[in-house]
Amino acid sequence: MYNDRQVIAIVLAGGKGQRFGKDIPKQLYELNGHPIIYYSLKVFNSDHFIDEIIVVSNKEYLEATRNICNIFHKVSDVVVGGETRSLSSMNGVMSVRNLNSYVLIHDSARPFVTNELIRQLLSNVEETGAVIPVLRSVDTLVEVRSDRYVANTLDRNSVFRVQTPQCFKYEVIFEAYRRYLGKFVDLPDDSSLVIKEGISRVKTIEGDERNIKITTQEDILISINFSSFYSF
């Protein structure tokens, strides 16, 4: 509970992980003895402010996902994901029963979410109803044309990398997905939909460099090093 609202974490595990290069989705791949999804679930489950967790699962791995979730008492539901990330996220949002809540939507492929990041999101969400963690780019960024030639150099000071979890008042994210029904255009994250549908301004806070997203096998090697920071 935070500001008299229930806090619900939606953990997205509906992807197939095609770029990961394994026979199983990356969220079920073992990292230091546990499936990748285990780590974020453990953080949300132990966090003082999180009241409930909803997991969105790949339909082909529903039983395996439920078996992992069984050890976390705050997991209230495991729902089937859609064909795209946006549809999976929508299924999770539509499964929320408490209309007076804050919703944190998180990619299960980011195992190193922290309690501090959760607190920072919750302490900033009331202002606009939507807040996301971002990181500055240390590299020069360019826009590349379809023929692989550089079209433009972007201003590094105004371009940021977006992370999850992303935090919303329930009424904000629900309205975004209510308007999304029937469109079926996949978007990269939930804040993009809030902005696209003109629901709310989206505030940003400083993200965490350790909160990496596992996409390829090389990311596993980086994650093994990062895991030394945590007492899992």
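At 35% relative accessibility, R179 is partly exposed (buried is under 20% relative accessible area, exposed over 50%, partly exposed in between; 1.4 Å probe, protein chains only). The side chains of R179 and E175 meet in a salt bridge, 2.9 Å from N to O (a side-chain nitrogen of Lys or Arg within 4 Å of a carboxyl oxygen of Asp or Glu). Both residues sit in helix α5, residues 170-180, and being 4 residues apart they are separated by about one helical turn. Helices (H or I, at least four residues) and strands (E, at least two) are DSSP runs, numbered from the N terminus. An α-helix has 3.6 residues a turn, so residues three or four places apart point the same way.

This is a predicted model: local features need pLDDT of at least 70, side-chain atom pairs count only at pLDDT 80 or more, and totals for chains, interfaces and linings use all residues. Residues are numbered from 1 along each chain as its sequence is written, and side-chain values use heavy atoms, leaving out hydrogens and water.

## Other salt bridges

The structure holds 13 salt bridges. D47 pairs with R119, the closest N and O atoms being 2.7 Å apart. D47 lies in the loop between α1 and β4 and R119 in helix α4, so this pair ties together parts 72 residues apart in sequence. D47 is buried, at 0% relative accessibility. R119 is partly exposed, at 28%.

K203 and E127 also meet in a salt bridge, 2.7 Å from N to O. This pair links distant parts of the chain: K203 is in strand β12 (residues 203-206) and E127 in helix α4, 76 residues apart. K203 is partly exposed at 24% relative accessibility, and E127 is exposed at 54%.

## Nonpolar cores

The largest nonpolar core has 39 residues (a core is a set of buried Ala, Val, Leu, Ile, Met, Phe, Trp, Tyr and Cys residues joined through side-chain atoms within 4.5 Å). L41, F44, I53 and V55 have the most contacts inside this core. At least two core residues come from each of β1 (6-13), α1 (36-46), β4 (52-57), α2 (62-69), β5 (75-80), β6 (101-107) and α4 (115-128). Helix α1 gives the most, with 7 residues. Another core, of 23 residues, lies apart from it; among its members are L87, V103, Y180 and L193.

Helix α1 is mostly covered, with 9 of its 11 residues buried. Among the buried residues are I36, Y38, L41, F44 and N45. L41 touches V11, I53, V55, I68, C69, F72 and V75, not counting residues up to four places away in sequence (contact means heavy atoms within 4.5 Å).

## Cysteines

C69, one of the residues that L41 touches, is buried at 4% relative accessibility. C167 is buried too, at 0%. The disulfide count comes to 0 (a disulfide is a pair of cysteine sulfur atoms within 2.5 Å).

K169 is found in strand β11, residues 166-169. At 14% relative accessibility, K169 is buried. K169 touches R5, S101, Y102, V125, E126 and G129, not counting residues up to four places away in sequence.

P165 is found in the loop between β10 (160-162) and β11. The peptide bond from T164 to P165 is cis, with omega near 10°.

## Positive phi angles

D4 is not a glycine, yet its phi is positive, near 65°. D4 is found in the segment before β1 and is exposed, with a relative accessible area of 67%.

N32 is not a glycine either and has a positive phi of about 50°. The loop between β2 (30-31) and β3 (34-35) holds N32. N32 is partly exposed, at 47%.

V142, V144 and V150 form a nonpolar surface patch, with about 220 Å² of accessible area together. Patches are made of residues with over 30% relative accessible area and no salt bridge; like charges are joined within 9 Å, and nonpolar side chains (Val, Leu, Ile, Met, Phe, Trp, Tyr) within 5 Å. Accessible areas come from the Shrake-Rupley method with a 1.4 Å probe; for residues, only the protein chains shown count as cover. V142 is in strand β8, residues 142-144, and is partly exposed at 38%.

Q217 lies in helix α7, residues 217-226. Q217 is partly exposed, with a relative accessible area of 27%. The C-alpha atoms of Q217 and K26 are separated by 9.3 Å, although the two residues are 191 apart along the chain.
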